[in-house]
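Please read the following report beside the sequence and the coordinates.

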Amino acid sequence: MKLDSFPWTKLKNFEPFCILHTTRQPQCIQTVVVSAIKTTTIQRQQRHRHSKKMAASTSLSTHPMIPIFVAFLLVFASSVSPVLSSPALVSDSGSRLLANQTFRPSKEVLRLRRANAYLKKINKPAVKTIQSPDGDVIHCVLSHLQPAFDHPELKGKKPLDPPERPRSNETRETVAESYQLWTDSGESCPEGTVPIRRTTVKDVLRASSVNRFGRKLRRHVRRDSTGSGHEHAVVFVNGDQYFGAKASINVWSPQVTSEYEFSLSQIWVISGSFGNDLNTIEAGWQVSPDLYGDGYPRFFTYWTTDAYQATGCYNLLCSGFVQTNNKIAIGAAISPRSSYNGRQFDIGLTVWKDPKHGNWWLEYGSGLLVGYWPAFLFSHLRSHASMVQFGGEIVNSRSAGYHTSTQMGSGHFADEGFGKASYFRNLQVVDWDNNLLPLTNLHLLADHPNCYNIRQGRNNVWGTYFYYGGPGRNVRCP
């Protein structure tokens, strides 16, 4: 409710009010000045009645309180007028938030302003809105208005036509695939639009800063894939030129025990020196309370050209990835998910470089083209990848002083096998001639094997596969 919606004559029962800051601690401001108004008004009425009685005998005298009262009014007017004229901040939900100019603007207020400015830029006008059962709002946005086309290199252009897909000698198999929760209602986005998960002010304010929202934490990246707080169970190939990768990834809902941790399973397509010029393209599923505000596994993409420093972002949270599909929302929850000793679900992902235009395309499931990363975004990946990696990653913040209990994969060790441990299957890479090939010279890495481990195998049905994951903290992982 706006402060200036109250006429001053109705302030009789006005109570102290509170401003809710982003720290979630309401700060209450006692309206002492209102009490002063009430007191002064009563005094003025009493003086008025008294002056009528005394008018005949003291018509030339001046009441001693009048100069004081006039001075008070001048001081009060100067202090109240900025409150009445100050602009209100508007959250993404449309509610008005008081920006009280009588106080020094706090960091929270400035941060909220930056968050709203970012939301205005990233949340594009929708031709249709779909409410997902998990609370997400999906906007159907005209393809040429999506965030990618804010990029100077793409302004005024439209999404490209589908490229030639990689060739394979294997026949497509029918599998139990996972899709997305928002489609369960039967609603869909019309042709010519793309579904985009609506970003809220709460999403942005959970980040360490507005500038870092939608980006992985900056960290030193080493060739063996380890970094401060980040732990992995992965397989990788290097030592050749790679033009894409493919795998089917088992989908689970691992427990993430801290708001600032995550658990993901993904494909990395990598090039560069593993210094500040590292280029990556990434796709998979993740549970990230910090980014999404819940514990659902969500389909995601990522890219960077400078080792996660200033370029790139998750999903469509910056100008970069161009979406071409109206059936998949990047960042939306995946459904259904696998259960322990129960039915298993996975998602098939393929990333490859279009031989004709050089853009890197992404396919989800059996033939759904999601979109592409334009070649101009990259330096090293403009040519080819020098490493491809598959597997799981978690963040161990040690917030309680010991190893996190955040789970990787299913939360069970690789040794437990099918139906219990999470898996990747049918691992392949794309060669220079756009052919899908099985992996050779495969390397395994579990940098904390007592917390999360990995076991690789091969058979005629799953090709190259591996089980991976673990519970995190346990008696052998203190």
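Tyr364 stands opposite Leu368 in strand E19, in a predicted model whose local features need pLDDT of at least 70 and whose side-chain atom pairs count only at pLDDT 80 or more, while totals for chains, interfaces and linings use all residues. Residues are numbered from 1 along each chain as its sequence is written, and side-chain values use heavy atoms, with hydrogens and water left out. Strand E18 (residues 360-364) and E19 (residues 368-373) pair in the antiparallel sense over 5 bridges, where pairing requires that DSSP finds at least two bridges between two strands. Helices (H or I, at least four residues) and strands (E, at least two) are DSSP runs, numbered from the N terminus. The hairpin of E18 and E19 has 3 residues between its strands, and Gly365 there takes a positive phi near 70°.

On its other flank, E18 is joined antiparallel to strand E17 (residues 346-353) by 5 bridges, and Thr350 stands opposite Glu363 in E18. E17 and E18 also form a hairpin, this one with 6 residues between the strands, and Gly358 in the turn has a positive phi of about 85°. In a regular strand the side chains alternate between the two faces of the sheet. In E18, Trp360, Leu362 and Tyr364 lie on one side and Trp361 and Glu363 on the other, and all are buried, where buried means under 20% relative accessible area, exposed over 50% and partly exposed in between (1.4 Å probe, protein chains only). Counted by residue, 5 of the 5 residues of E18 are buried.

Strand E6 (residues 137-142) is mostly covered, with 5 of its 6 residues buried. Strand E5 (residues 128-131) pairs with E6 in the antiparallel sense over 4 bridges, and Ile130 stands opposite Ile138 in E6. The hairpin that E5 and E6 form has 5 residues between the strands, and Gly135 in its turn has a positive phi of about 100°.

E6 is also joined to E8 by 5 bridges, and these two strands run antiparallel. Within that pairing, Cys140 stands opposite Pro195 in E8.

## The largest cavity

Strand E8 (193-197) and helix H5 each supply at least two residues of the lining of the largest cavity. A search of the whole structure finds 2 cavities of 30 Å³ or more, a cavity being a set of points, on a 1 Å grid over the protein atoms alone, where a 1.4 Å probe fits but cannot get out, with lining residues having an atom within 4 Å of a point. The largest has a volume of about 160 Å³, the volume being the space filled by probe spheres set on the points, which are joined across faces, edges and corners.

This cavity is lined by 14 residues, of which Ile196, Arg197, Thr199, Asn315 and Leu317 lie nearest its centre. The lining divides into 8 nonpolar, 4 polar and 2 charged residues, where Ala, Val, Leu, Ile, Met, Phe, Trp, Tyr, Cys and Pro count as nonpolar, Asp, Glu, Lys and Arg as charged, and the others, Gly among them, as polar.

An open sheet of 7 strands has the order E14-E13-E12-E11-E20-E9-E23, with antiparallel pairing. Its edge strands are E14 (313-314) and E23 (443-446), each of which pairs on one side only. Within the sheet, strand E11 (residues 263-271) and E12 pair in the antiparallel sense over 9 bridges, and Leu264 stands opposite Gln286 in E12.

Ser288 lies in the loop between strand E12 (279-287) and helix H5 (289-292). Ser288 counts as buried because its relative accessible area is 5%. Leaving aside residues up to four places away in sequence, Ser288 touches Glu261, Phe262, Gly293 and Asp294, a contact meaning heavy atoms within 4.5 Å. Ser335, placed in strand E16 (residues 334-335), counts as buried at 17% relative accessibility. The C-alpha atoms of Ser335 and Trp252, which are 83 residues apart along the chain, are separated by 9.8 Å.

## The chain as a whole

The protein chain contains 5 helices and 25 strands, and 51% of its 478 residues count as buried. Among contacts in the chain with a separation of 6 or more, residues 24 or more positions apart account for 71%. The chain exposes about 23200 Å², of which carbon and sulfur atoms supply 54%; accessible areas come from the Shrake-Rupley method with a 1.4 Å probe, and for residues only the protein chains shown count as cover.

Conventions:
On a 1 Å grid over the protein atoms alone, a cavity is a set of points where a 1.4 Å probe fits but cannot get out, and a pocket is an open set with protein on both sides within 12 Å along at least five of seven lines; lining residues have an atom within 4 Å of a point.
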